[in-house]
Amino acid sequence: MNRQRTAWLFLAPALLVLGVFFILPVIAALGLSLTDYDLYALADIRNLRFVGLHNYWALLHRPLFWSALGNTFYFVAVGVPLSIATSLVAALLLNSPLARIRPFFRTVLFAPVVTTVVAVAVIWRYLFNTKYGLVNYGLAEIGIHPIDWLGDPRWAMPTIIAFAVWKNFGYNMIIILAGLQAIPLDLYEAARIDGASLPRQFWHITLPMLKPTMALVAILTVAGYFQLFAEPYVMTEGGPLQSTVSVLYLMYEDGFKWWNLGTASAVAFMLFAIIFAVTTLLLRLARHDEHPAGERT
Amino acid sequence: MKRPRPPACTPSRPYRWWLVLLLAGTCGGLSACRQQAPDTRTLTFWAMGNEGEAVAQLIPGFEHAHPDIHVTLQQLPWKEAHQKLLTAYAGDTTPDIAQLGNTWIAELAALHALQPLQPYVARSSVVRPDDYFAGIWATNRIDGVLYGVPWYVDTRLLFYRRDLLKAAGFDVPPRSWTEWSRQMAALKTRDTPGRYPILLPTNEFEQLLSLALQQDAPLLRDGGRYGNFESPGFKRALAFYVGIFRQQEAPLLANTEVPNPWAEVGRGVYAFYLSGPWNIGEFRRRLPAAQQGDWSTAPLPGPDGPGAGIASGSSLVLFRRSRHQAQAWQLIEYLSQPTVQRKFYELVGDMPPRRSSWQDGTLRSDPQVQAFREQLERVRPTPAVPEWERIVTAMQLVAARAAHGELTVDQAAAEIDRQADAILAKRRWMLDHHRGPQP
Amino acid sequence: MNPRLAKVLVNGSLCGLAAAALLPLLWMLSVSFMAPGEASSLPPPLLPVHATLDNYRELFAHAGMGRYLLNSLLIASAITALALASNLLAGYAFAKLRFTGRERLFQALIGALVIPAQVAMLPLFLLLKTFGLVNSYAGVIMPCMATIFGIYLVRQYARSVPDELLEAARIDGAGELRIFGQIVLPLLKPIMATLAIFTFLAAWNDFMWPLIVLTGQEHYTLPLALASLARDHVQDSELMMAGSVVTVLPVLLLFLALQRYYLQGLLLGSVKG
């Protein structure tokens, strides 16, 4: 019994913090999303109304919510594959026996991950400046007309995606690299003896063996990319024409700019539901793929 | 009035607002060391943008006259000011005294965040209501209660390149929309691509709002219960505004993409620039002496002859939570003195709201200021509902979509109304249940 | 394929990737030494004509950067110390102490990982408001004093501590707290380093929550100050770059120094346990 008490004492600080500052607010957010809590209610709680699911209903009829959702899906659907592909290429290169000074390359390629989003977003904003940015200058050298990267609704999101890929590929690169290094070398040995070419080895050994790692990486990245916020906040302020307003940006504006906490909580829960649904789906797919093939590492 | 203006600092005038912070910082440090008398009060004062920079130079005078009061100044970027004020209110961290765009007064008054000022004014020998421009004073009264003292007035009008207009065959700036359109069309044909007759940053609502206020129809109807943006008047203003972009007489650029509009006007990239009084100082500072004769200001053209403009500007307010209201009122009185207001004008170019301040110095003689004086006679306030900031933000976002060609004028007007009605839903409920949003 | 060609190809691609990763950072460093206005000329210069420290001087003398740097250090250090303590205790308890409902509680915590932190932010603000903690250091620090990820990381690592060691100490009559302090903690040192650098970097780089809860400039962290500058001072690129350097350099150096621990934690945290 004494041991039970000790265990709970050890757990107490962390559980208290998580309970008070995370679990409780999450439950409260669910409650808030069923009310029309706004500035008027903040001034006088008697102005608070219980509105049931009205906030969710209104969201579904709000074009901006749908376009924010569309922008977020665009970011995830293009950004995640690009990120993972870049990570995979970088990891394969690093894992190649031909590569020199590997620790150096690993460190350099990982460096963008530890940088502060706000600071590097500021850098990118200048690099992609229409007039004085190095990117347009370089493009002009090869005869491409200047592109209004962050001011043109068609280009703003691609620019943000490019930024996210640059910032994040190092993280997955490390995980994939570890996955590659865990593949037993004798598998390749056997393949070589059988006369399999490099692409065939990649296709029939590397990729299947890497599948669990890739699934994990995909799920983590998707969940992370759905939470797009700081990049548009610093680089475009949601513009041009709200083409970079993400779901989280919408929640921030609704909640902390206009103080419609009810609506904003509904947005937050919608985002939660979407992330939950998408990651669960990915998990299912990954498990489904894993079992019939019978490859357990 | 919120003024999402292009950033105001360049190498030639480096980073003055940081000086303000430094001043605030060192003052704070010094006063802590100085072992002040126990009755010394520290006032927190929030000011925005250029005003924040300028007022830092006026505060030492106040502290000299009131050795028992120390002022800590915090400078907010204009783009964040509204949000910061609401957050401060929500988080119980409001300052003692603040500069407040006069269209925000209704909002903060509805939240019971502001202290009614009538008792202070009644006792004051400095702040005399009859000396203020009536239209501006009125924007500070919400349902008969006074919440702010006007600090400066502000409206939007035309800055223009006199020489370019002349070269296009026009000796005087436009007085009506028809003349204006004709001049822009003539300027459009004049020369190279990449040059435009006018600059109207698509993320600033003041331009369209100025045109809309020139119409007879009010912007909200039924006592601020519903939007009135589908009125023929607003649609006319919107059509005129959108037409300028459709005819490529203005570029589809946000002000963040035009960091230095003054130099671009100087280079002739734009012949007209619809903006506010602080630009007088910017043009004087940034254009070479040889070009100073080339630009001027003109009152805003209206649908048929000289038109109205927005009655904006900032007021000084006291917060209800402040524990130093008496001292804060002394700061308001100090900043309201005509001599201090003239000094403020010279520092930042913001125009004083009281007539006696205009009776001396450069304000009386400066030709480029006279257009503003004339325009100030024709300013109109915006609807005094707490939701106005949100509505006008929504209006501009939709209008920008129309300018980009995503919506027709009719669709845009209907969309603005739809959004305004949604924003006003809570207000309607409160009015119907006799919970007036105003205290 | 010709092995020499392959070698050139692999290393060439690596160099290309490395250049893409580094160039923006090097450009930032270069521009931060340029005179005001120099970067906004055509063609865009790559190196300063006359390198100057003026931007840094300006930042620290007039922009209050020193204050923001101290704020960032204070907040990130406090979070690191507090989160380290609570996560170590809890992670160890989940790994080595037996109590009813241990597995179920742990599963519940892991399940809660899918809830985005942002869901909690709105009520959290109201909660802190009732405590009067809006616009205070405590308001930023307190919600970060424990993390599920940290608990998970410690638990994974602490499971390798041999039970016999603990039992032997118990038989010798040592209290649980003493066992933790004298036997377990020394064994957990590597994971402590890992967790510390992870927490510190996350706290340093955090943006959204400080943005919400810190209303006054006097409490701003570096990312907030930088974002605020970036909104009102678009054209002062040289100064903004100097600000970016000040923000990024400390974490970059920290990472370089403790790289091994960081990468280890990254792998430990992402491999299914």
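How many of the 273 residues of chain C count as buried? The answer is 48%, where buried means that 20 or more other C-beta atoms lie within 10 Å of a residue's own, exposed means 12 or fewer, and partly exposed is in between, with C-beta atoms placed from the backbone. This is a predicted model, so local features need a pLDDT of at least 70 and side-chain atom pairs count only at pLDDT 80 or more, while totals for chains, interfaces and linings use all residues. Residues are numbered from 1 along each chain as its sequence is written, chains are lettered from A and ligands are numbered from 1, in the order in which they are written.

**Confidence**
- The model scores ipTM 0.89 and pTM 0.85.
- Chain C has an average pLDDT of 89, and 97% of its residues score at least 70; pLDDT is the predictor's confidence in each residue, from 0 to 100.

**Chains A and C**
- Chain A has 13 helices and zero strands; helices (H or I, at least four residues) and strands (E, at least two) are DSSP runs, numbered from the N terminus.
- Chain C also comes to 13 helices and zero strands.
- Along its principal axes, the C-alpha trace spans about 80 × 75 × 35 Å in chain A and about 75 × 70 × 30 Å in chain C.
- The radius of gyration of chain C is 23 Å, while a compact globule of 273 residues would be near 19 Å; this radius is taken over C-alpha atoms, and the globule rule is 2.2 Å times the number of residues to the power 0.38.
- In chain A, 45% of the 297 residues are buried.
- Take the contacts with a separation of 6 or more: residues 24 or more positions apart make up 69% of them in chain A and 78% in chain C. Two residues are in contact if their C-beta atoms, placed from the backbone, lie within 7 Å.

**A sheet in chain B**
- Chain B has an open sheet of four strands, ordered β8-β11-β7-β12, with mixed pairing; two strands pair if DSSP finds at least two bridges between them.
- At the edges sit β8 (196–199) and β12 (295–298) of chain B, each pairing on one side only.
- β8(B) runs parallel to β11 (residues 270–275) of chain B, with three bridges between them. L199(B) has Y273(B) in β11(B) as its bridge partner.

**The nonpolar core**
- The largest nonpolar core has 304 residues, and those touching the most other members include V118(A), L108(B), I198(B) and L238(B). Such a core is a set of buried Ala, Val, Leu, Ile, Met, Phe, Trp, Tyr and Cys residues joined through C-beta atoms within 7 Å.
- Beyond its neighbours within four places in sequence, L238(B) contacts several residues, among them L208(B), A399(B) and V409(B).

- Q242(A) isn't a glycine, yet its phi is positive, near 60°. You'll find Q242(A) in the loop between α11 (230–235) and α12 (247–257) of chain A, and Q242(A) counts as buried because it has 21 C-beta neighbours inside 10 Å.
- H112(B), also not a glycine, has a positive phi of about 60°. H112(B) lies in the loop between α5 (105–110) and α6 (118–123) of chain B, and is partly exposed because 14 other C-beta atoms are within 10 Å.
- N279(B) belongs to helix α13 (residues 278–286) of chain B, and counts as buried because it has 23 C-beta neighbours inside 10 Å.
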